[in-house]
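Here's a walk through one protein chain, from the overall fold down to a few single residues. Keep the viewer open as you read.

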Amino acid sequence: MRAMAGTTDGGGSSKPVAQRLLATATRLFAERGYDRTSVQEIVEAAGVTKGALYHYFGSKDDLLHEVYGRVLRLQQERLDRFAGADAPVEERLRAAAADVVVTTIENLDDTKIFFRSIHHLSPEKDKQVRAERRRYHERFRALVEEGQRSGVFNDRTPADLVVDYHFGSVHHLGTWYREDGPLTPRQVADHLADLLLRALRP
């Protein structure tokens, strides 16, 4: 995928072309589905040419990859910051566990689109996404393992299962969370982070 930095087009829009294309594609994928949205429909709705799209994205599945990739990059940056902080491991893990819930809910449409359409990615893109997600999960698991080695967390359950337990809940958010529901993103995040920490206490 090409760099996301973009210039405005000749139509006078102040929004960079790459961002406008991505926002338009996200909306159309959500409304119609990835497989029922054509490149022509995306460029017409965004008010740009196909040449502009292919300047920033090599293909339609590049757009799909970026829909999720931008969320995952945000989450990875924040996880790295939490994990590297000068704080007790329990505080760092709880902050990371809550943050992935909040950032997922704040980008729920992007996440739902991606998981609904991941099978449309090319094998190369699919491999790239899985590697990116694996890096995130491994960084998160390292916090669990650090706490288990130091005795802050119990080691009765393997760290891999602990991570799968939490992220299973995170990936399920798209099936039930509603903005007009009884819980705010922060409340959901606190509940799920507390469940994780309770499961790990000695």
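## Ground rules

This is a predicted model, so local features need pLDDT of at least 70 and side-chain atom pairs count only at pLDDT 80 or more, while totals for chains, interfaces and linings use all residues. Residues are numbered from 1 along each chain as its sequence is written, and side-chain values use heavy atoms, with hydrogens and water left out.

## The overall fold

The protein chain has 10 helices and 0 strands. Here helices (H or I, at least four residues) and strands (E, at least two) are DSSP runs, numbered from the N terminus. Read from the N terminus, the order is simply α-α-α-α-α-α-α-α-α-α. The C-alpha atoms fill a box of roughly 60 × 35 × 30 Å, taken along the principal axes.

Of the 202 residues in the chain, 43% are buried. Buried means under 20% relative accessible area, exposed means over 50%, and partly exposed is in between, with a 1.4 Å probe and protein chains only. A contact means heavy atoms within 4.5 Å. Among contacts between residues at least 6 apart in sequence, 71% join residues at least 24 apart.

Helix 4 covers residues 60-83, and its 24 residues reach 34 Å from first C-alpha to last, close to the 34 Å expected at 1.5 Å a residue. The expected span is 1.5 Å times one less than the number of residues. Helix 4 also bends by about 30 degrees at Tyr68. That bend is the angle between axes fitted to the seven residues ending there and the seven starting there.

Helix 7 has 28 residues and reaches 40 Å from its first C-alpha to its last, close to the 40 Å expected at 1.5 Å a residue. Its buried residues include Lys125, Asp126, Arg133, Tyr136 and Phe140. The buried residues of helix 7 pack against helix 4, helix 5, helix 6, helix 8 and helix 10 (185-200). Just after helix 7, Gly151 takes a positive phi of about 85 degrees.

## The enclosed space

Rolling a probe the size of a water molecule over the atoms shows where empty space is left. On a 1 Å grid over the protein atoms alone, a cavity is a set of points where a 1.4 Å probe fits but cannot get out; a pocket is an open set with protein on both sides within 12 Å along at least five of seven lines, and lining residues have an atom within 4 Å of a point. Grid points are joined across faces, edges and corners, and a volume is the space filled by probe spheres set on the points.

By this rule there is 1 cavity of 30 Å³ or more. The largest cavity has a volume of about 130 Å³. It is lined by 14 residues, and the closest to its centre are Tyr68, Gln75, Val100, Thr104 and His171. Two or more lining residues come from each of helix 4, helix 5, helix 6, helix 7 (123-150) and helix 8 (159-171), and helix 4 gives the most, with 4 residues. By class, the lining has 8 nonpolar, 5 polar and 1 charged residues. For these classes, Ala, Val, Leu, Ile, Met, Phe, Trp, Tyr, Cys and Pro count as nonpolar, Asp, Glu, Lys and Arg as charged, and the others, Gly among them, as polar.

## The open pocket

The largest pocket holds about 170 Å³ of space. Lining the largest pocket are Ile105, Glu106, Leu108, Asp109, Lys112, Tyr177, Arg178 and Glu179. Helix 5 (89-106) and helix 6 (108-117) each supply at least two of the lining residues, with the largest share, 3 residues, coming from helix 6. The lining of the largest pocket has 3 nonpolar, no polar and 5 charged residues.

Start with Val170, which sits in helix 8. Val170 counts as buried because its relative accessibility is 3%. It touches Val100, Val101 and Thr104, not counting residues up to four places away in sequence.

Ser117, in helix 6, is buried too, with a relative accessible area of 4%. With residues up to four places away in sequence left out, Ser117 touches Tyr34 and Leu64.

Is Glu138 buried, exposed or partly exposed? Glu138, found in helix 7, is partly exposed because its relative accessible area is 38%. The C-alpha atoms of Glu138 and Ala159 are separated by 10.0 Å, with the two residues 21 apart along the chain.
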